[in-house]
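Biologist: Could you take me through how a strand pairing and a nonpolar core are read from a model?

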Amino acid sequence: MKKTLYIIFVLCSSLIVAQPAIQWQKDYGGTDYEILYKIIQTSDGGYVCVGYSDSNISGDKSQNSKGVSDYWVIRLGGSGNLLWQKTIGGSGDEYINDVWQT
């Protein structure tokens, strides 16, 4: 069974919101386990998402695991299209929980 990292963005144009409208939603992940820790919007309107992954190449994962759990950095365009991703880690467990734009 595929375990998937779910990313749902809800964007609205009003300060008083009873039921926000979903602009888009996508899911990303491999066949193992992924956890999302932080999403930031970049100055070009896209997004950078960071978390960790236990999956090898499968689903949306394009790189094998380096160990047990690895950093997984995903770059998305403004409409949620996957632009690039990077799996970073060693032979053990690595976790990332924050990201900043410089």
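**Reading a sheet and its core**

Modeller: In S5, isoleucine 74 is the bridge partner of cysteine 49. This is a predicted model, in which local features need pLDDT of at least 70 and side-chain atom pairs count only at pLDDT 80 or more, while totals for chains, interfaces and linings use all residues. Residues are numbered from 1 along each chain as its sequence is written, and side-chain values use heavy atoms, with hydrogens and water left out.

Biologist: In what order do the four strands form the open sheet?

Modeller: Strands of a sheet pair through backbone hydrogen bonds, either parallel or antiparallel. Strands here are DSSP runs (E, at least two residues), numbered from the N terminus, and two of them pair if DSSP finds at least two bridges between them. The order is S3-S4-S5-S6, with antiparallel pairing, and the edge strands, S3 (34-41) and S6 (82-88), each pair on one side only. Strand S4 (residues 47-53) and S5 pair over seven bridges.

Biologist: Is tryptophan 72 buried or exposed?

Modeller: Buried means under 20% relative accessible area, exposed over 50%, and partly exposed in between (1.4 Å probe, protein chains only). Tryptophan 72, in strand S5 (residues 70-76), is buried because its relative accessible area is 3%.

Biologist: Which residues make up the largest nonpolar core?

Modeller: A nonpolar core is a set of buried Ala, Val, Leu, Ile, Met, Phe, Trp, Tyr and Cys residues joined through side-chain atoms within 4.5 Å. The largest has seven residues, namely Trp24, Tyr28, Tyr47, Cys49, Trp72, Ile74 and Leu76, and its largest share, three residues, comes from S5.
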